[in-house]
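Dear colleague,

I am handing over the structure below, and I would be grateful if you could look through it when you have time.

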Amino acid sequence: LQRSGALPHSADVAAASARRGDATIASLAELELLLSSALIRTAVDPEDLLAPGPRPRVLDVAADSDDDEQFLQQWLPPDPTFWRLRAAIDGYRVLVDRGGWPSVSAGPKLEPGMRDGRIIQVRQRLLAAGDLAADSTEPDLYDDALLVAIKRFQARHGLAPDGIIGFGTIDALNVPAEARLASMIFNLHRLHAQARDWGDNYVMVNLAAAQLKLVQGGTIAVSYNVIVGRRDRPSPEVHSAINRLE
């Protein structure tokens, strides 16, 4: 649970960890209560992944389960991406309720150092989604702070992080917040169905982003852009241990 990020600040788990290895009756009883409390507060409902907790029913499901691993994968998904995406969805729901974000007008590409009225629109768009921390005293200037925000936006949306605001970046900026939210919810269900637990060391290829990531010790060591298939000739999806390199 701690590795997955499901319980980043759980007092119950911290207290339970302090009782590990203590085999006294009182300590074991306290351990059971603390873990049950953490489960009730944290578990997700497989039938409604976004429903707010707590969930007392999960204790009955756990007691009746014949497969502990399957139960945990359904109610406490092991993939850190699942929990990050679930938290992000809550933020995007608020954003959609507020009316989403403004669009950016079409036009020539925008590069660092340029002044253009459309840069004000780009700033407003990034500020609304939280990609840009603060506005500028020169809102029509493409400054260094905006460059950092644009590169981060491009990388997160599978675009070349070159800082140039061209047609592809403008198209990505102009995807409505409602469409982004719908895509996030769809992918949350995909992550839940896969129930991935790859540990702390693995290689992952994100086909949609055309990117490979090498994770070592739970952190991204390096990432590369890769070539993937097309709709009529898609890349095969493989989940396997790597036992040979050529």
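What pattern does the chain follow when it is read along the sequence? The order is α-α-α-α-α-α-α-α-α-β-β-β, made up of nine helices and three strands, where helices (H or I, at least four residues) and strands (E, at least two) are DSSP runs numbered from the N terminus.

Please keep in mind that this is a predicted model, in which local features need pLDDT of at least 70 and side-chain atom pairs count only at pLDDT 80 or more, while totals for chains, interfaces and linings use all residues. Residues are numbered from 1 along each chain as its sequence is written, and side-chain values use heavy atoms, with hydrogens and water left out.

As for confidence, pLDDT (the predictor's confidence in each residue, from 0 to 100) averages 89 over the chain, and 96% of the residues score at least 70. The lowest confidence is in helix α1 (residues 11-18), with a mean of 82, and the highest is in helix α8 (residues 167-173), at 94.

The C-alpha trace spans about 70 × 50 × 30 Å along its principal axes. Of the 246 residues, 31% count as buried, where buried means under 20% relative accessible area, exposed over 50%, and partly exposed in between, with a 1.4 Å probe and protein chains only. Taking contact to mean heavy atoms within 4.5 Å, 47% of the contacts between residues at least 6 apart in sequence join residues at least 24 apart.

I turn next to the strands, where two strands pair if DSSP finds at least two bridges between them. Strands β1 and β2 pair in the antiparallel sense over five bridges, with valine 205 opposite leucine 212 of β2. Their hairpin has four residues between the strands, and in it alanine 210 takes a positive phi near 55°; for comparison, most residues other than glycine have a negative phi. Strand β2 (residues 211-216) also pairs with strand β3 (residues 219-225), again in the antiparallel sense, over six bridges. In this pairing leucine 214 has valine 222 of β3 as its bridge partner, while valine 215 stands opposite isoleucine 220 in β3. The hairpin of β2 and β3 has two residues between the strands, and glycine 217 in the turn has a positive phi of about 65°.

Tyrosine 202 belongs to strand β1 (residues 202-206) and counts as partly exposed, at 26% relative accessibility. Leaving aside residues up to four places away in sequence, tyrosine 202 touches Lys213, Leu214 and Val215.

Among the helices, α2 (residues 25-42) contains threonine 42, which is buried because its relative accessible area is 11%. The side chain of threonine 42 reaches the backbone oxygen of alanine 38 at 2.8 Å. Alanine 193, in helix α9 (residues 177-194), is by contrast exposed, with a relative accessible area of 66%. Alanine 193 and glutamine 211 are 18 residues apart in sequence and 22 Å apart in space, C-alpha to C-alpha.

The loop between α2 and α3 (57-64) holds proline 54, and the peptide bond from glycine 53 to proline 54 is cis, with omega near 0°.

Finally, the aromatic rings: how many aromatic pairs does the structure hold? There are three, a pair being rings of Phe, Tyr and Trp (its six-membered ring) with centres within 6.5 Å, and planes under 30 degrees apart counting as stacked, over 60 as edge-to-face and the rest as tilted. In one of them, the rings of phenylalanine 82 and tryptophan 83 have centres 5.4 Å apart and planes at 85°, so this pair is edge-to-face. Both phenylalanine 82 and tryptophan 83 are buried. Elsewhere, arginine 125 lies over the face of tryptophan 101, at 3.7 Å from the ring centre, by the criterion that NZ of Lys or CZ of Arg is within 6 Å of the ring centre and within 35 degrees of the ring normal.

With best regards

Conventions
Polar contact = N/O pair within 3.5 Å; in protein donor to acceptor, adjacent residues only side chain to side chain.
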